Amino acid sequence: IRSTPSGTATASPMQRARDAYKAGDFDTVLSATSEADSTRREAADFLNANALFHLKRFAEAETLFEKLVRSGSPQYRHPADWSLLLCRLAQG
């Protein structure tokens, strides 16, 4: 959480995205993660890919999951690999 100049606390873009994901507001996830800084890119991509999957935008989700698999990220590679399979199955 960071403070705005007026002294009120606001959630980071990633926290807003996680909150929106929990609430099922997947369009807000996509807009909030676009504001995430570059150090959170893999986390943002993983959250975006899952939001896209829920929005039934399987081809776009597949692209992001595939990017995460190829990145070799120890945190996201395996869950992204399974999700990539689900995207491909959903597309027939």
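Predicted model: local features only at pLDDT ≥ 70, side-chain atom pairs only at ≥ 80, totals over all residues.
**Reading burial, ring pairs and salt bridges**

Guide: Let us start with Tyr 21, which counts as partly exposed at 25% relative accessibility. Residues are numbered from 1 along each chain as its sequence is written, and side-chain values use heavy atoms, with hydrogens and water left out.

Visitor: How many aromatic pairs does the structure hold?

Guide: A pair of aromatic rings is described by the distance of the centres and the angle of the planes. Here, rings of Phe, Tyr and Trp (for Trp, the six-membered ring) pair if their centres lie within 6.5 Å, and planes under 30 degrees apart count as stacked, over 60 as edge-to-face and the rest as tilted. The structure holds four such pairs. One of them joins Tyr 21 and Phe 26, which are edge-to-face, with 5.4 Å from centre to centre and 70° between the planes. Phe 26 is buried at 16% relative accessibility. Another pair is that of Phe 46 and Tyr 76, which is tilted because the ring centres are 5.1 Å apart and the planes stand at 40°. Phe 46 lies in helix H3 and Tyr 76 in the loop between H4 and H5, so this pair ties together parts that are 30 residues apart in sequence. A helix here is a DSSP run of H or I with at least four residues (a strand is a run of E with at least two), and such runs are numbered from the N terminus. Both Phe 46 and Tyr 76 are buried, and together with Phe 65 they form one aromatic cluster.

Visitor: With which residues is His 54 in contact, leaving aside its neighbours within four places in sequence?

Guide: Contact means heavy atoms within 4.5 Å. With those neighbours left aside, His 54 is in contact with Tyr 21 and Phe 26, the two residues of the edge-to-face pair. His 54 is found in helix H3 and is partly exposed, with a relative accessible area of 42%. From His 54 to Tyr 21 there are 33 residues in sequence and 9.8 Å in space, C-alpha to C-alpha.

Visitor: How many salt bridges does a search of the whole structure find?

Guide: Side chains of opposite charge can pair when their charged atoms come close. The rule used here asks for a side-chain nitrogen of Lys or Arg within 4 Å of a carboxyl oxygen of Asp or Glu, and the search finds seven salt bridges. In one of them, Asp 45 pairs with Lys 67, the closest N and O atoms being 2.9 Å apart. Asp 45 lies in helix H3 (residues 41–54) and Lys 67 in helix H4 (residues 58–71), so the pair ties together parts that are 22 residues apart in sequence. Asp 45 is buried at 5% relative accessible area, whereas Lys 67 is partly exposed at 46%. Not counting residues up to four places away in sequence, Asp 45 touches Leu 64, Lys 67 and Leu 68.

Visitor: Which residues are linked in a network of salt bridges?

Guide: The network links Glu 62, Glu 66, Arg 70 and Arg 88. Glu 62 bridges to Arg 88, with the closest N and O atoms 2.9 Å apart. Since Glu 62 is in helix H4 and Arg 88 in helix H5 (residues 77–90), the pair ties together parts that are 26 residues apart in sequence. Glu 66 bridges to Arg 70 at 3.1 Å between the closest N and O atoms, and both lie in helix H4, four residues apart, about one turn of the helix. Arg 70 is exposed at 68% relative accessible area.

Visitor: Which residues are buried in H5?

Guide: In H5, Ala 80, Ser 83, Leu 84 and Cys 87 are buried. They cover an arc of only 115° around the axis, which puts them on the same side of H5; the arc is that of the directions from the helix axis to the C-beta atoms. On the other side of H5, Trp 82 and Leu 89 are exposed. What covers the buried residues of H5 includes H3 and H4.

Notes:
Buried < 20%, exposed > 50% of the residue type's maximum accessible area, 1.4 Å probe, protein only.
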